[in-house]
Every structure is written in structure tokens, then in C-alpha cells.
Amino acid sequence: MIASSVGGTLFALVMSSLVDCVSGKQEQLFSSFLYSVLFVIVYCLMQSGYSYIKAYMIAETRKSPKNDLFEHIYFQNMEGFETQNSARYINELSNNTTIIEDTYFRNILSMGQMLVGFLSSSLITIIVQPVMLLLMLVLGFIMLATTRFTTKPLERSMKEYSRKLGEYTDEIKDDFSGFGIIHLFHIVDAVVRKHGVKNTEVESAKRKSENDRIICACLWEFVGLLSTVLVMASAAYFSQKGMFSAGMIIAFGSLIGQVVATITSIPTVVANFHAAKPVKE
């Protein structure tokens, strides 16, 4: 993860070196090109290795709570087991386990990757022009302040979706278990209508959760793009003053994605941890 994140940050300097060859000799451009190709090959290999290891670790981590949960359920006495519908146990072992994976396990890895990218990008920016880092940090925290209010609605909608999903699983389990009796008493139409109501409720809850995520994503994209424009304009100004090469303007366009995006991603990370909390408990 560290190698992959640092490699992504250093790619900004690779692009900068190629742009700086515009006013140089062809031999310099050819040399920079070869080094850039070599860097891309090594970086892609690191990315592939990281992705493979991450997938393996998540699969292994996912197995542990499922085994523990199943063992806890199955070693209850009959009285304790029958306090819950079997569909609820199925929901815990399938749907909620998937939610935990997406909002908790993967969130931990994403947080670590963003932190490494933030630190490496900050170090490069300090070396080149400390004022640029200060500008990035100010913009990042301004964006953070504007997006914090989206955390609570996202948490509530995620919790509601999880609850409705459990109710829907209970519903279809009961309907399938009582198939013979339902047909015997000729109440198929009523059961179909009841299923339609539960299906509508769970899909509405999911859509509400997705809508909250879309609102968050659109807001963060707007402020992210605006901050990129401000940073690039500032980088162009410092380049005109001769404080660093023109190629570094391109580099800063990439570095801001590491510095500012990490700060603005804090609400997402926190929201995912909050969303995972009721299911995790």
C-alpha cells in the first residue's frame, strides 16, 4: 500500500520532468521518456500486487466474523435460537456482512492509502514551494467545513436501508415457508401485494441512501474542481516569478489531488464508519 501510494505521488514528478524537456535537447527528452516508461511499468506492477494482496486480505478478514457469528448462533439453546427468525440470521450472514465489507474493511484500507498519499505529496510540496502546501491545506479545510453536514443524513439513510433490507428478507422467508398454506386458503393475491409493499419500501430506502451519497459526491466534486483551479492558477503565478519550473505546474495539478482530496475525504471515511457502526454492533 505504501509503495503504491508513494508511486502515485511520484508520477507527478515524472510528468513534470517530461514537460520541462520542451525547451531542452532531444537527448534529454529521450532519456526522460525511457525513465518514465520504466517508472510506469514498475508502478503498474506494484498496483497489481497491491490489488491482489488487498483482495486476498479482505476475503480472509471477511471469513472470520462470519464463522464467529455462525458459531455463536448455532451454539445457542433452542429457546435462544427461536427468539429470532431464521431469515434474520441469514440476513446477518449475507447482506450485513457485505455492508461491513464495503463500509468498514475497505474503508480502513482506503484511509491508510489516502494518508500515505497525503504525507508524500505534502513532503514534495514543502520541498518545492511551502506556500503552495499552505494554500492546499486552507482550501482543503474550507471544503471539509462545507461537507460535514452531509455525514448525519448519510448515516441515517444507511441505517434505515439495513433495517428495511432485514424486514424484506423476513418477508420473503415467511412467504416461501407458507407457500402451501397460502395457496390452500387462496390468499396469493394478498401475499403478492404485501410483498410488493415491502419491496417498494426496501428499494425506496436504498434509493434514499444512494441519493444522499450522490448529493455528497456532487458537492465534493464541485469544491474539489474549484480548489484545483485555484491551486493551478497560483502555481502558474509562482512559475512566472521563476520560483519553480513550468513542469511543476502540471505536478501541482496532481499533488493537489492527494493533499486536498485526502482532507475532503474525511467526511466520507467518517460517514462510512458511522454507517457501519449499527450493522457492526
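The following legends describe close-up views of a predicted model.

**View 1. The largest pocket and its lining.**
The largest pocket holds about 680 Å³ of space. Its lining is made up of 25 residues, and those nearest the pocket centre are Glu92, Asn96, Pro278, Val279 and Glu281. Two or more lining residues come from each of helix H2 (26–74), helix H4 (86–93), helix H5 (95–128), helix H7 (151–177) and helix H11 (266–280). The greatest contribution is that of H2, which supplies six residues. Sorted by class, the lining of this pocket comprises nine charged, eight polar and eight nonpolar residues.

**View 2. The largest nonpolar core.**
The largest nonpolar core contains 23 residues. Within this core, the residues with the most contacts are Met132, Met136, Val231, Ala235, Phe244, Phe252 and Leu255. The elements that contribute two or more residues to the core are H5, helix H6 (130–147), helix H9 (188–240) and helix H10 (247–264). H10 provides the largest share, namely nine residues. In soluble globular proteins, nonpolar side chains tend to be buried together.

When neighbours within four places in sequence are left aside, valine 231 is in contact with Met132, Leu135, Met136, Leu139, Phe252 and Ile256.

**View 3. Isoleucine 58 in helix H2.**
Isoleucine 58 belongs to helix H2. This residue counts as buried because its relative accessibility is 3%, where buried means under 20%. Leaving aside neighbours within four places in sequence, isoleucine 58 is in contact with Glu101, Arg106 and Leu109. One of these contacts, glutamate 101, is 43 residues apart from isoleucine 58 in sequence, while the two residues are 7.6 Å apart in space, C-alpha to C-alpha.

**View 4. Serine 5 in helix H1.**
Serine 5 is part of helix H1 (residues 2–19). With a relative accessible area of 5%, serine 5 is buried. Not counting residues up to four places away in sequence, serine 5 touches Gln113, Val116 and Gly117.

**View 5. Histidine 186 in the loop between H8 and H9.**
Histidine 186 is located in the loop between helix H8 (179–184) and H9. Although histidine 186 is not a glycine, its phi is positive, at about 55°. Most residues other than glycine have a negative phi. The relative accessibility of histidine 186 is 72%, so this residue counts as exposed, the class for values over 50%.

**View 6. Alanine 246 in the loop between H9 and H10.**
Alanine 246 is situated in the loop between H9 and H10. Its relative accessible area is 46%, and alanine 246 is therefore partly exposed. With neighbours within four places in sequence left aside, alanine 246 is in contact with Asp20 and Ser239. Alanine 246 and valine 192 are 54 residues apart along the chain, and their C-alpha atoms are separated by 67 Å.

**View 7. Aspartate 102 and lysine 277.**
Aspartate 102 lies in helix H5, and lysine 277 is found in helix H11. Aspartate 102 has a relative accessible area of 43% and is partly exposed; lysine 277, at 46% relative accessibility, also counts as partly exposed. A separation of 16 Å lies between the C-alpha atoms of aspartate 102 and proline 267, which are 165 residues apart along the chain. For lysine 277 and isoleucine 172, 105 residues apart along the chain, the C-alpha atoms are separated by 26 Å.

**View 8. Cysteine 44 and cysteine 218.**
Cysteine 44 is partly exposed, its relative accessible area being 41%. Cysteine 218 is likewise partly exposed, with a value of 47%. A disulfide is a covalent bond between the sulfur atoms of two cysteines.

Key. Residues numbered from 1 in each chain as written. Predicted model: local features only at pLDDT ≥ 70, side-chain atom pairs only at ≥ 80, totals over all residues. Heavy atoms only, no water. 1 Å grid on protein atoms, 1.4 Å probe; cavity = no way out; pocket = protein on both sides within 12 Å on 5 of 7 lines; lining within 4 Å. Points joined across faces, edges and corners; volume = space filled by probe spheres on them. Helix = DSSP H or I, 4+ residues; strand = E, 2+ residues; numbered from the N terminus. Nonpolar A, V, L, I, M, F, W, Y, C, P; charged D, E, K, R; others polar. Core = buried A, V, L, I, M, F, W, Y, C linked by side-chain atoms within 4.5 Å. Buried < 20%, exposed > 50% of the residue type's maximum accessible area, 1.4 Å probe, protein only. Contact = heavy atoms within 4.5 Å.
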